Amino acid sequence: MMNGHEKSDRGVVPEKAPNNGEGRPEPAEGLEGRRLTEGNADQQSTCRAQSRESVSQALERIRTVARERKGEKFTTLLPHISVEMLGEAFRQTRRDAAPGIDGLTWEEYETDLETRLIDLHDRVHRGKYRAMPARRKLIPKADGRMRPLAIAALEDKIVQRAVVMLLNAIYEEEFEGFSYGFRPGRGQHDALNALAAGINGRRVNWILDADIRSFFDTVDQQWLVRFLEHRISDRPLLHLIQKWLKVGYVEDGVAKASEMGTGQGAVISPLLANIYLHYAFDLWARHWRQHEARGDMIIVRYADDFVVGFEQKADADSFLEALHERLGKFGLTLHPEKTRLIEFGRFAAQNREKRGLGKPETFNFLGFTFICGKSRAGKFLLMRKSRRDRLRAKLKAVKEQLRKRMHQPIPETGKWLGQVVRGFFNYHAVPTNSEALATFRDQVIRQWRRTLQRRSQKDQMTWKRMRRLADDFLPKPRILHPWPSLPRPAVTYPR
């Protein structure tokens with residue numbers, strides 16, 4: 001058996017791969033990333049399209065092996081990190097991203113890019129690459145608390161993104177269909193649509209709205225490595241990931257090592273979080289639904305925030321009790337204030353009315369408040385409204401920025417505000433949320449008018465002129481995300 005240190009014509013060698021001295025080669029053969037030799041550096045200067053094509057082809061071969069050889073381990077993945085893959089990873093890095101403790105920006109690294117990438121490739125494969133501590137920055141959350149953000153050095157971002165490409169090719173064949181967070185081709189609106197379809201189309205009477213307390217800070221690194229070893233036995237690659245986990249961060253000029261968690265904000269953290277929760281929660285939840293639940297059940301997870309729907313209250317109570325025990329095994333706990341079991345669904349209102357109770361409670365998921373409403377015909381209507389605290393926080397941020405831009409030319413401010421309003425609509429423009437869209441636009445107009453009036457005591461900004469400015473620069477509300485056309489997206493089953 002070969003490991004990551006040995007040279008081979010094979011790229012991805014599963015642990016149980018047979019001796020192919022006779023017969024046809026295995027599908028995994030011929031995948032190893034091209035290594036540089038003296039004098040061939042000029043040959044690496046291929047056009048961007050060719051580079052992307054070669055990277056795409058290599059990843060597709062890995063993906064095929066992962067799909068066809070379930071349960072087998074990959075022993076030689078690191079050799080696939082080629083100069084081309086590092087170049088593609090660099091191009092996918094945000095140009096305006098904040099620099100890490102190295103102070104190196106995207107534009108600075110782009111100068112003499114090929115030489116830098118060749119040197120980085122060489123250090124990664126010779127074991128000379130050294131991860132740098134992340135620069136820690138605290139950013140405010142909507143609830144007033146602070147979120148620690150890890151800002152990695154640029155070369156760490158590049159290598160991490162290359163590793164994410166490799167691991168995505170493998171784990172996208174493993175992850176469950178009800179997992180939506182930070183996955184290629186999936187987004188928040190896919191999760192929202194899946195949840196809406198599940199509540200509307202399945203027998204859901206109870207909702208467990210769950211949130212894991214300080215998830216990224218409490219991930220057990222030893223368990224994470226053990227989970228990775230289910231599919232990866234390439235020791236150099238695992239050692240590389242452990243470097244990023246343990247390198248720690250710098251805050252106020254003081255370096256601090258990290259024994260727990262994975263830096264929130266690091267390029268590789270979302271994927272590692274999905275891998276951790278795949279084994280700690282997803283597989284267990286799927287098994288529980290198939291073997292323990294007596295009634296209907298749906299699951300939608302986005303990162304560490306997940307919603308589980310039940311037909312029967314007994315199932316919901318049993319699941320919640322078992323969930324505490326399951327997560328505790330892996331060092332995780334549910335947030336007591338953000339985890340609730342409520343009566344919710346098509347028949348919740350009438351069932352509660354029979355028992356002399358008030359309207360069904362609401363719950364929050366991915367920036368929206370879910371409400372049991374009624375259509376004009378008196379039938380059940382699932383309503384999604386923008387969370388009030390998020391709406392207020394966004395308007396507060398706009399107000400602060402307008403003060404700073406008070407003396408900018410009106411067209412310049414109008415163009416910026418148009419981008420802000422358009423960005424809000426791009427996410428929040430869902431059915432039943434028109435009122436929030438109109439409110440946001442109206443409040444932005446009022447704040448802009450107040451700012452313009454304060455520029456000069458002589459400035460008489462009338463509402464007639466203000467409405468003309470708003471029509472010139474700000475988009476008008478319209479629904480951009482209609483109800484899902486499919487009767488039921490992948491809510492409970494893998495793709």
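This is a predicted model: local features need pLDDT of at least 70, side-chain atom pairs count only at pLDDT 80 or more; totals for chains, interfaces and linings use all residues.
A salt bridge is a side-chain nitrogen of Lys or Arg within 4 Å of a carboxyl oxygen of Asp or Glu.

Residues are numbered from 1 along each chain as its sequence is written, and side-chain values use heavy atoms, with hydrogens and water left out.

**View 1**
Helices here are DSSP runs of H or I with at least four residues, strands are runs of E with at least two, and both are numbered from the N terminus. An α-helix has 3.6 residues a turn, so residues three or four places apart point the same way. D122 is partly exposed, at 33% relative accessibility. The cut-offs are these: buried is under 20% relative accessible area, exposed is over 50%, and partly exposed is in between (1.4 Å probe, protein chains only).

**View 2. R301 and D282 form a salt bridge.**
Here the closest N and O atoms are 2.8 Å apart. The pair links distant parts of the chain, 19 residues apart. R301 sits in strand β6 (residues 297–302), and D282 sits in helix α10 (residues 269–291). Side chains of opposite charge can pair when their charged atoms come close.

**View 3. E343 and R352 form another salt bridge.**
The closest N and O atoms of this pair are 3.6 Å apart. E343 is buried, at 5% relative accessibility. R352 is buried as well, at 14%. Elsewhere, salt bridges that share partners join R52, E88 and R91 into one network. How many salt bridges does a search of the whole structure find? The count is 26.

**View 4. Helix α5 is mostly covered.**
Helix α5 spans residues 154–171, which makes 18 residues. Of these 18 residues, 17 are buried. From its first C-alpha to its last, α5 reaches 25 Å, close to the 26 Å expected at 1.5 Å a residue. The expected span is 1.5 Å times one less than the number of residues.

**View 5. Helix α6 is largely enclosed by the rest of the structure.**
Helix α6 covers residues 188–201 and has 14 residues. It reaches 20 Å from first C-alpha to last, close to the expected 20 Å. Why is α6 called largely enclosed? Because 10 of its 14 residues are buried. Among them are H189, N193, G198 and I199.

**View 6. Four residues gather in a patch of positive charge on the surface.**
The members are K399, R403, R450 and R454. Helices α13 (388–404) and α15 (434–454) each supply at least two residues of the patch. R450 is found in α15. At 39% relative accessibility, R450 counts as partly exposed. Patch residues have over 30% relative accessible area and no salt bridge, and like charges are joined within 9 Å. Accessible areas come from the Shrake-Rupley method with a 1.4 Å probe. Lys and Arg count as positive, and each charge is placed at NZ of Lys or CZ of Arg.

**View 7. S214 and T432 have positive phi angles.**
Most residues other than glycine have a negative phi. S214 is not a glycine, yet its phi is about 45 degrees. S214 lies in the loop between β3 (206–211) and α7 (215–218). It is partly exposed, with a relative accessible area of 41%. For T432, phi is near 75 degrees. T432 lies in the loop between α14 (410–428) and α15.

**View 8. S56 and M165 are 109 residues apart along the chain.**
Their C-alpha atoms are separated by 9.6 Å. S56 is in helix α1 (residues 48–68). S56 is partly exposed, with a relative accessible area of 44%.

**View 9. D102 and R135 are 33 residues apart along the chain.**
The C-alpha atoms of D102 and R135 are separated by 9.2 Å. D102 sits in the loop between α2 (83–92) and α3 (106–110). D102 is partly exposed, at 29% relative accessibility.

Conventions
Patches are made of residues with over 30% relative accessible area and no salt bridge: like charges are joined within 9 Å, nonpolar side chains (Val, Leu, Ile, Met, Phe, Trp, Tyr) within 5 Å.
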